[in-house]
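Dear colleague,

Please find below the structure that I am handing over to you. My notes on it follow directly after.

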Amino acid sequence: MFDFDAPIDRRNTHALKWDMMESLYGVSPEDGIAMWVADMDFRPPPSVDAALSAAVAHGVYGYFGDDRAYKAAITGWMQRRHGWEVEPAAIATTHGVVAGLALCIQAFTEPGDGVIIFSPVYHAFSRVIRANGRALVESPLVVREDGRYAMDLAALGATLTGRERMVVLCSPHNPGGRVWSREELRELADFCVVHDLLLVSDEIHHDLILAGDRHVPMPLAAPEILDRMVVLSSTSKTFNVAGGLTGNVIVPDEALRQRFAAAHLAAGATPNRFGVVVATAAYEGGDAWLDALNRYLAGNAAILAEGVASIPGVRAMPLDSTYLAWVDFAGTGMVPEEFTARVERDARIAPSHGHTFGTGGETFLRFNIATPRARVVEAVRRLQAAFADLQ
Ligand SMILES: Cc1ncc(COP(=O)(O)O)c(C=O)c1O
């Protein structure tokens, strides 16, 4: 019903992933494969195209007003897909999730305060924390016996200074692909109470569940800490509409909501008409498309994982969520410069570099598998050829 196999040429369309690849990686889009930036090489749900076409047919693009349908679309989605009742008044619309996180940092912490992240994690977290003059506190994830990441709260607790104010969790986790269990989320919530921390849960990947556990929204895992919790969400990853830069900061607690609203007002930001139109249409009409997408992504993830597992010393972490395969080259014994050169120069693939995700990412590369299957198969073939001497 939805054709994810159809190749779409994104070159020369201002696609960050394809049109910046040559200047940043030296990999030509003529024969290279872009697997870095986290967007998909797919069209969005048909409901999004229909809404944008209707907007173009009407043809007037003035300021946006009356967000009731937008908020109803969000609350309906959260209720239907996640069993989570969201109060419309708790939702603030920002220019994307990273912008929402930056506003949370400004609203809820002071310069010099510590903000904790579980590394390796999505690189923009450390970037905005540092850019806002807050102290970055990295809590390295540990690898469990089943090859998945786990938080080490005991180790983190032992290093705290008392200057930490906030934890930023990536749930599900990018780049590890973890869907945190209810128990893990509860342990983190307890930790936040003990150490008096505000918890910002970035759940942008929560709809992309390929295997394993069901995602638990933080407010359902730990309803007793709603007075110290903020959830970030968006349609951008779920429906491949990241260019619309429209995200949501969901603040259940009234006092925190007022502090957030003050920071939002100070930034002078109001909603982008196009982002709101897209997000509303996606939430209203994207269910069947998303179910099909998740099945397709699970197939791609399996092809990549099995393909790289045939290279001695290379392993992909189990990918339970996201479309971002986190591949460890440690077992090859190669330094990052060497395995990266083989991937970029020999295989002509542009992945994300592991070290940019912080401590613990150094021996990894991240491969975006949200592309037609034939391209994933070709990427695997090229990777196997680039490391053929290890066989
Ligand atoms: C965890 C996480 N948060 C936020 C973003 C980006 O959100 P936005 O484009 O809405 O700022 C990404 C993109 O990859 C992400 O992985």
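Where is the place of P175? P175 sits in the loop between β7 and α8; helices (H or I, at least four residues) and strands (E, at least two) are DSSP runs, numbered from the N terminus. Please note that this is a predicted model, in which local features need pLDDT of at least 70 and side-chain atom pairs count only at pLDDT 80 or more, while totals for chains, interfaces and linings use all residues. Residues are numbered from 1 along each chain as its sequence is written, and side-chain values use heavy atoms, with hydrogens and water left out.

The peptide bond from S171 to P172 is cis, with omega near -5°. N174 and P175 are likewise joined by a cis peptide bond, with omega about 20°. Most residues other than glycine have a negative phi, and most peptide bonds are trans.

Two residues other than glycine have a positive phi: D196, near 50°, and T322, near 75°. D196 belongs to the loop between α8 and β8 (198-202) and is exposed, with a relative accessible area of 52%. T322 lies in the loop between β11 (315-316) and β12 (324-328) and is buried, at 0%. Here buried means under 20% relative accessible area, exposed over 50%, and partly exposed in between (1.4 Å probe, protein chains only).

A backbone N or O atom of V97 lies 2.7 Å from an oxygen atom of the ligand. An N or O atom in the side chain of D202 is 2.6 Å from a ligand nitrogen atom, and a polar side-chain atom of H205 is 2.8 Å from a ligand oxygen atom. Of the 400 Å² of accessible area that the ligand has on its own, the protein covers 93% (Shrake-Rupley method, 1.4 Å probe).

Lastly, the largest nonpolar core has 88 residues, of which F367 and I369 touch the most other members. Such a core is a set of buried Ala, Val, Leu, Ile, Met, Phe, Trp, Tyr and Cys residues joined through side-chain atoms within 4.5 Å. Helix α12 (residues 287-309) gives the most to this core, with 9 residues. A second, separate core of 28 residues includes L101, I105, L198 and L232.

With kind regards

Notes: Polar contact = N/O pair within 3.5 Å; in protein donor to acceptor, adjacent residues only side chain to side chain.
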